[in-house]
Amino acid sequence: MTEQIMAYVGNARAGFIGNMIKLFKGKIMQDKLQALAKSLLLPILAFGVFLMLWSSVASQIQTSLGVVPGPVQVWEQAVTLYEEHNEERTSEQAFMDRQTKRNEAKLAKNPDAEIKTRPYTGKATYFDQIWTSIFTVLTGFLIASIIAIPLGIICGLSTSIYTAINPLIQMFKPVSPLAWLPIVTMIVSAVYVSDDPLFSKSYLNSAITVTLCCLWPTIINTTVGVSSIDNDLVNVSRVLRLGWVTRVFKIVLPSSVPMMFAGLRVSLGIGWMVLIAAEMLSQNPGLGKFVWDEFQNGSSNSLARIMVAVFTIGIVGFLLDWLMLSLQRFVSWDKSATVR
Amino acid sequence: MKNEHLLLSKVTIDFPTDNGPYRALDDVNLSIAEGEFVSLIGHSGCGKSTVLNIVAGLHQATSGGVLLDGREVDEPGPERAVVFQNHSLLPWLTAYGNVELAVKQVFARTKSKAEMDEWIRHNLELVHMEHAMDKRPSEISGGMKQRVGIARALAMEPKVLLMDEPFGALDALTRAHMQESLMEIQNELRNTVIMITHDVDEAVLLSDRIVMMTNGPAATIGEILSIDLERPRDRLALADDPQYNHYRAEVLKFLHDRHNKVAA
């Protein structure tokens, strides 16, 4: 009898605890859902408010190109740009097919016939422009990083070199790279002379302009990162009598990686902004040229198409920063870096 | 005195300031025997850390000097390993990696790869950190970081182990654990140790001698107290020991009354 009661009590207790656990689990699930809802709903809500404000304000403003486009018109133009891109691709494919057929027919008639393959020369679509811009900014950024990181490390390690170079850095840092653009253009067209150029001159101009503005934040941040290494870690390396190479690679560089990446992210952000302006100014292919062309075009759709470009520029810029952040998380020991 | 393993002779140091040189230490003389555990105790800013840094070679005495086994100390080196107050582990290396850096530096010519690996593991086991050797400093607690710091220092097989308030940043319970561990290790390895501390109980419990320093400027050694307590020492048993309490009272009295005495 007693055993039975005990068993019953035991069961009851198990049931009670089990229920508590279920309840607790349910609570955790609920918390998770709430957190998810918060992190998703709030931005969506804010975006909704933004769209409403935009459409209500836009419809009030009359310009010489018609009413400032609201979200709906911009979305329509985004779809149109995508369709234009597809049409262009289709006609390119058709052109290529025709060419292949013609060449095959020629070869069938005469196996020794000389065959010409002409590239398709249709106009660049919106998506071509996006890729051109991304490719250009990454090139310029890469060149800048290859120069700036070693220079920053050297400046951080040697106060004499830093003292020597610092005035130059401080002087060139505030110069808008657009001021360099004419000089870069002239130098490139004078120096880069080739019958069969690997890169177009416009691409080089834009990339070098981006390089000129990406240099400074990386140099300065790397210098600070390298020179502000924790004194205790310096003492550790002194007690261990680490050689110069070991000290630089095992202690100095790893400890400056977070600062270095901070500089790289700033550089890439500035580079992207400058590239668009440079493309507008010099009519080099890319998103900037697209914006300028649409502005000059002056059709009733132009403003909406420019707005599409504005959003594209923003999203690409955000993705580039995210890319750098992922790279930083992958490379650095400090996993706490976030998008801010 | 058994032998003069480590000798501080007339150590004086001036730091340059805007108002002329500041004399931090004045005429510090101390002889430490091999295997001896010496604590430096004194108020903040009295120059305890400066003494330690001079022995480590991180600072140079303005006059006087330090002899280790008859050779003058003029630069830092692994035979005078330092355990820093805030662990100073490299955050991008694991516990194993941190000890490895030291071992590779010291034993690159004398140990094979397998021997080095074994030596790293042995030292981490000594401080009871074998379970976390693949963790990075950010993933382990303050006490564990300090254990790794001690393992790194011990792995250099130093002639003198210098500890700069090694447990100062730890909570009381962790500190007590670390003191037990240190006594255990000391019992086994018989290292010569100089330890800086603020903690009177810690000093009496661990030391063979306690060096009490006067306040700066021109700080120097005020008094040296020999602690003749049987080893191994047991914290709980000693709590009621009249001799232990006498030593404790001596140090406390010095710190409260006599630290203002100007050195002659």
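Predicted model: local features only at pLDDT ≥ 70, side-chain atom pairs only at ≥ 80, totals over all residues.
**Chain A against chain B**

Before counting, I noted the rule: two residues are in contact if their C-beta atoms, placed from the backbone, lie within 7 Å.

How many residues does each chain put into the contact? I got 17 residues from chain B and 13 residues from chain A. Then I looked up what chain B uses on the side that touches chain A: strand E6 (80-83) and helix H2 (95-107) of chain B are the elements that give two or more residues. H2(B) gives the most, with 3 residues. I sorted this side of chain B by class too, and it has 12 nonpolar, 4 polar and 1 charged residues.

**H5 and H6 of chain A**

Next I looked at helix H5 (residues 177-191) and helix H6 (residues 201-227) of chain A, whose axes come within 9 Å and cross at roughly 140°. Over 145 would count as roughly antiparallel, so I wrote down H5(A) and H6(A) as oblique to each other. The crossing of H5(A) past H6(A) is right-handed.

Which residues make the contact? On H5(A) I found Pro177(A), Trp180(A), Leu181(A), Val184(A), Thr185(A), Val188(A) and Ser189(A). H6(A) answers with Lys201(A), Leu204(A), Asn205(A), Ile208(A), Thr209(A), Leu212(A) and Cys213(A). By class, I have 9 nonpolar, 4 polar and 1 charged residues in this contact of H5(A) with H6(A).

How values were computed: Residues numbered from 1 in each chain as written. Chains lettered and ligands numbered in written order. Axes fitted to C-alpha atoms, helices over the stretch in contact; angles between N-to-C directions. Helix = DSSP H or I, 4+ residues; strand = E, 2+ residues; numbered from the N terminus. Parallel < 35°, antiparallel > 145°, perpendicular 65-115°, else oblique. Left-handed = near helix turned anticlockwise from the far one by under 90°. Nonpolar A, V, L, I, M, F, W, Y, C, P; charged D, E, K, R; others polar.
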